[in-house]
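Please keep the sequence and the model at hand while reading.

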Amino acid sequence: MTDLMTIDECLMCGGARSEFVMGGIVRRCADCAFHWTAAGLAPPEELYDESYFEAESYRKYFEFAAQWQFEAARRLRWVLSAAQPTTLVEAGPAGGFFLAAARDHGIAVEGVEVSEAAARYARDRTGVPVRTGTFEEAVFAAPVDAVCAFHVLEHVTDPRRFLQAAHDRLTPHGWLALEVPNIESDTADRAGESWADLSPRFHLWHFGPESLRRLVAEAGFEIVRLDTIFATHYLRPRRQLSRWGLASRWRSLRATGSVRTSHPQRGDYLRVLARRWAPGESS
Ligand SMILES: [Zn+2]
């Protein structure tokens, strides 16, 4: 067991003043309102061992393959609504469903996954090229047109370093697509410390629309789209009518007063599509 990490200084603004919120699990910067997990974080190499994607839970994960395929298709459609990449790298592809969807669309894909068990499953079950390791340290043969990371940025040791790595691996004007839990969602507000996406053992950083916008812009990207979506956005039509689906739909309706599954700030997940500034351009 290594020493646990405690973070006192705000990653976003360097401020030293923070208050404990969400039952003392999260610290909120008094200067810029950025949130991070208060204490007790094990380093990544201890967290993402075999047990994170152990065989039994992965067997269950693949029982929901149709659900993950639907989610992947929706994410791909969102990326393609702005970008037309011919090459793409995904950090943290888990079972590889998004990579498979992109590959089936004719895009040359590659994944980098910290969990060897997950990388192996992605290769064996979905047939996509996924190597084991961290995205930040991975070396690629050539720059790519798109870097995607869905529910990854909240896990990484240093989000700035991650975004810098994405920037460095992109072609000029290449695309960055991110999705993270939204700590400023209606669901998080109502649930407080019992918010399911708080996941303090694994989530170090907690983003809201403004903090994500700022971090991505400061890393040298132009924000093209930033919005939030409700969990119901990723549910297959048949699961929309399940008890969970109806409860999820009710939460989005209550939060927004509308049946739309996206919202500028209040949805469960925050997503951003951004474009790399070309060398020589000022940001
Ligand atoms: Zn701050």
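In what order do the 8 strands of the open sheet stand, and is their pairing mixed or of one kind? In this predicted model, the order is S6-S5-S4-S7-S8-S12-S10-S11, and the pairing is mixed. Strands S6 (130-132) and S11 (262-263) are at the edges, and because each has a single partner strand, one side of each is left without a neighbour in the sheet.

**The open sheet and a helix across it**

- Strands of a sheet pair through backbone hydrogen bonds, in either a parallel or an antiparallel sense.
- Within the sheet, strand S4 (residues 87-91) pairs with strand S7 (residues 144-150) in the parallel sense, over 3 bridges, and Glu90 stands opposite Cys148 in S7.

**The hairpin of S1 and S2**

- Strand S1 (residues 18-21) and strand S2 (residues 26-29) run antiparallel and are joined by 4 bridges, with Val26 in S2 as the bridge partner of Val21.
- This hairpin has 4 residues between the strands, and Met22 takes a positive phi near 50° there.

**The nonpolar core**

- In soluble globular proteins, nonpolar side chains tend to be buried together.
- The largest nonpolar core of this model holds 73 residues, of which Phe98, Val147 and Cys148 touch the most other members.
- Leaving aside residues up to four places away in sequence, Cys148 touches Val79, Leu88, Glu90, Phe98 and Ala177; Glu90 in this list is also the residue that stands opposite Cys148 in S7.

**Two helix positions set side by side**

- Tyr121 has its place in helix H5 (residues 116-126), and it counts as buried because 22 C-beta neighbours lie inside 10 Å, where the cut-off for a buried residue is 20 or more.
- Although Tyr121 and Gly96 are 25 residues apart in sequence, they are 8.2 Å apart in space, C-alpha to C-alpha.

Definitions and conventions:
Residues are numbered from 1 along each chain as its sequence is written. This is a predicted model: local features need pLDDT of at least 70, side-chain atom pairs count only at pLDDT 80 or more; totals for chains, interfaces and linings use all residues. Two strands pair if DSSP finds at least two bridges between them. A residue is buried if 20 or more other C-beta atoms lie within 10 Å of its own, exposed if 12 or fewer, and partly exposed in between; C-beta atoms are placed from the backbone. A nonpolar core is a set of buried Ala, Val, Leu, Ile, Met, Phe, Trp, Tyr and Cys residues joined through C-beta atoms within 7 Å. Two residues are in contact if their C-beta atoms, placed from the backbone, lie within 7 Å.
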